[in-house]
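Biologist: I would like to learn how to read the features of a model like this one, taking the general idea before the particular case. Could we start with what surrounds the ligand?

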Amino acid sequence: MFSLPLRDDARLAPLEIWHAEEFAAHLDRAREHIRPWVGAGFITVDVDGARATLRRYAERQAADGGRLYGIWLDGTLVGGVMFVDFDATSGSCEIGCWLEPDAEGHGLITPACGTLLDWAFTTRSLHRAEWHCRADNERSAAVAKRLGMTLEGVQRESWPYDGTRHGTQLWAILAPEWRAQ
Ligand SMILES: CC(C)(COP(=O)(O)OP(=O)(O)OC[C@H]1O[C@@H](n2cnc3c(N)ncnc32)[C@H](O)[C@@H]1OP(=O)(O)O)[C@@H](O)C(=O)NCCC(=O)NCCS
């Protein structure tokens, strides 16, 4: 319904249940690219699965929890950003993101995440935003670094994937740090 320009050719907007077919078509392009790096529950294979993800986020949003936003480049849904967790009571949230392969390297994700951080820290007065990524996910860690986050530690062998247990990096930024930069 409403969208925010990220650039002339790209916009950020809520990703909702009525996008299920578009989201499923996007996941067909993105699935194998994102599979190693995102939660298994996000990897669905058909429109019903895509709709279930959108419903899960809609229900979280209705409870003032997680939220999901899509990124459209030249009118095509190419990825998105989300509040994986959002807890106004504790003042803390976690941000996540993904792109289909052709949309990588265009500078879309960092400003989209910045929009979420601005809203969380300014409009909602949260204090802390986290970023969790597989320890060998260099592109994801680069986004966290570009956002000004600090690497606070690694949860060892906490990310099982394809028979191997990887570490999970925990990055975070606090409201005063975001406002100062
Ligand atoms: C993580 C992920 C979303 C990062 O995407 P990304 O495109 O690298 O990140 P950004 O949108 O911030 O873009 C930065 C890149 O765009 C380039 N770029 C091009 N035009 C740009 C512009 N106008 N402004 C800024 N950067 C621009 C930058 O140089 C940088 O590329 P480089 O790292 O090769 O130098 C993507 O790699 C991905 O989807 N990976 C798989 C899923 C995943 O890992 N999700 C995160 C789970 S924790």
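Biologist: How do the residues of the shell around the ligand divide into nonpolar, polar and charged?

Modeller: Ala, Val, Leu, Ile, Met, Phe, Trp, Tyr, Cys and Pro count as nonpolar, Asp, Glu, Lys and Arg as charged, and the others, Gly among them, as polar. By that scheme the shell around the ligand holds 11 nonpolar, 8 polar and 2 charged residues. Please keep in mind that this is a predicted model, in which local features need pLDDT of at least 70 and side-chain atom pairs count only at pLDDT 80 or more, while totals for chains, interfaces and linings use all residues. Residues are numbered from 1 along each chain as its sequence is written.

Biologist: Which residues are the closest to the ligand, and which helices and strands each supply at least two residues of the shell?

Modeller: A residue is near a molecule if its C-beta atom, placed from the backbone, lies within 6 Å of it. Here 21 residues surround the ligand, the closest being Trp-37, Gly-107, Ile-109, Thr-110 and Arg-139. Helices (H or I, at least four residues) and strands (E, at least two) are DSSP runs, numbered from the N terminus; at least two shell residues come from each of α1 (20–34), β5 (92–99), α3 (109–123) and α4 (138–146).

Biologist: Which residues have the most contacts inside the largest nonpolar core?

Modeller: In soluble globular proteins, nonpolar side chains tend to be buried together. A nonpolar core is a set of buried Ala, Val, Leu, Ile, Met, Phe, Trp, Tyr and Cys residues joined through C-beta atoms within 7 Å, where buried means that 20 or more other C-beta atoms lie within 10 Å of a residue's own, exposed that 12 or fewer do, and partly exposed anything in between. The largest such core has 48 residues, and those with the most contacts inside it are Ile-71, Val-81, Ile-95, Leu-108, Ile-109, Ala-112 and Cys-113. Strand β4 (residues 76–87) gives the most to this core, namely 7 residues. Contact means C-beta atoms within 7 Å, and Ile-95, leaving out residues up to four places away in sequence, touches Val-81, Phe-83, Val-84, Cys-113, Leu-116, Ala-129 and Trp-131.

Biologist: How many bridges join β2 to β3, and over how many do β3 and β4 pair?

Modeller: Two strands pair if DSSP finds at least two bridges between them. Strand β2 (residues 10–14) runs antiparallel to β3 and is joined to it by 5 bridges, with Pro-14 partnered by Tyr-69. Tyr-69 also stands opposite Val-81 in β4, and the antiparallel pairing of β3 and β4 extends over 7 bridges. Strand β3 (residues 67–73) is mostly covered, as 6 of its 7 residues are buried. In the hairpin of β3 and β4, with 2 residues between the strands, Asp-74 has a positive phi near 50°.

Biologist: Where else does a residue other than glycine take a positive phi, and are these residues buried or exposed?

Modeller: Glu-157 has a phi near 50° and lies in strand β7 (residues 150–161); Glu-157 is exposed because 12 other C-beta atoms lie within 10 Å. Asp-162, with a positive phi of about 55°, is in the loop between β7 and β8 (164–174), and Asp-162 counts as exposed because it has 7 C-beta neighbours inside 10 Å.

Definitions and conventions: Two residues are in contact if their C-beta atoms, placed from the backbone, lie within 7 Å.
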